[in-house]
Amino acid sequence: LLSITESISTGVHIRETKDAVTSLVQALYHYTGVTQSGITPLGVVSVVLPPIETLSTIAKYAVPAMAAGNSIILQPSRPLPALLFAQLCAGAGVPPGVVNVVCNRDHPSLVVDGVFGVGEMLPGDLSSPIVRLSMPRKSSMVVFAVSDVDSAAQTCLDKAFAGYGKTPASIARVLVQQPVYDRFCKLLRERLPRIVVGSPLDGCVDVGCSSDEAEVQQLEGLIADNGHLEKVVSERKGSAMPCTAMFGVQPSSSLWTNQPLGPLLCVAPFRTAKEATALLNHSPRNSGISVWSESNSLMLNVYFGGLFLVAIS
C-alpha cells in the first residue's frame, strides 16, 4: 500500500517505490535499538519532505528522530505517503502527537531535504540550534575513449531515468570523449526508443510518469527553447512525457547549468580531462559523478566538487 501510494503521488514506477518501502522497514528495525541508547531528545523535529523520495526521506531523517525520543512534524510536498505513514504509526501503537503531518517550522530542529531552491525560501535567521539543508540534485557521467562504451551507454540509460529522472542518482549530464562520441550517441539513438514510459502502476512499462502538469510543462518548455539540438525520445503510453536525450548541449545552455528534475538527459563531447573538469563544475547543482575509463591516470585527472569520485569500467 505504501509503494502504491508513493507511485501515485510521485510518478515513480512501483518497482522503485517497493525498494523505498524496504528501506523504510529496514530503518525501523535498525533504529529500534537506538531507543535504549540514552540519547537526549531535542523535543520536536520538523522535516520538510521533497516532492520525490518521500518514504526514503522519512527513513533517513524522521525515523532516527523518533528513535531518539523526539516527536516529528512532517511537511510533505506530496501528502499521501506521509499521511499514510502517520496512520500506520498510529495503528502500530505510536502515542498520539508523536507523528504529525502539518506545515510549521517553529521547532528546535529543522531538516530540509528538497529540490534546488527550497533552501532559498527559508528565512535567513533561523532560531533553531540545528538546521540541516540537503538539496537533492542530479549526477553526471564522464566516458573516456579507453572504456567499455557499450556498457557505459546502457548504464547511462538505466540511471538517467531512474526515479523518472528526479533522484540524486539520476544522470542529467553525460560527457563523452570525442573519439567515441559518435559511437556513444548512436547507441543511445538505438536503445532509448525501446524504453516505454507510462503509468507507474503498469508492470509492462519501464519508467513511470509524473502527474505534475506544471513540472511537465517546464520541461517541455526547456526542450522547445532548445529545439535546434538533436534529440531522441522514448516510447510512451498515453499522454506521459517521454524520456528525452539531447545531443551537443552547450555549457552555456540552461539545460546544462540548471539540470531540471525530470526525464531529460544532456550529452556533450569533450577533448581532455581538464576540459571535462571545467564542464562538470560549470553548474551550481552537482550531486555525484561516474567516471568510465580503463586508465587510472585519466580518472585521477577529473577533479569534481573538491572530491575524486571514480567508477572503474
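Which residues does S234 touch, not counting residues up to four places away in sequence? The list reads L192, P193, I195, V197, P242 and C243, with contact taken as heavy atoms within 4.5 Å. S234 sits in the loop between β9 (230-233) and β10 (235-236). With a relative accessible area of 7%, S234 counts as buried (under 20% relative accessible area, with exposed over 50% and partly exposed in between; 1.4 Å probe, protein chains only).

The model here is a predicted one, where local features need pLDDT of at least 70, side-chain atom pairs count only at pLDDT 80 or more, and totals for chains, interfaces and linings use all residues. Residues are numbered from 1 along each chain as its sequence is written, and side-chain values use heavy atoms, leaving out hydrogens and water.

Now to the strands (DSSP E runs of at least two residues; helices are H or I runs of at least four, and both are numbered from the N terminus). In β6, six of six residues are buried. β6 pairs with β7 (residues 171-177) in the parallel sense, over five bridges; pairing takes at least two DSSP bridges. Along this pairing, S140 stands opposite R173 in β7.

As for rings, the structure holds one aromatic pair (centres within 6.5 Å; planes under 30 degrees apart are stacked, over 60 edge-to-face, the rest tilted). The centres of F144 and F270 lie 5.4 Å apart with the planes at 90°, so this pair is edge-to-face. It links distant parts of the chain, 126 residues apart: F144 belongs to the loop between β6 (138-143) and α5 (149-160), F270 to strand β12 (residues 264-270). Both F144 and F270 are buried.

Notes:
Phe/Tyr/Trp six-rings, centres within 6.5 Å; stacked < 30°, edge-to-face > 60°.
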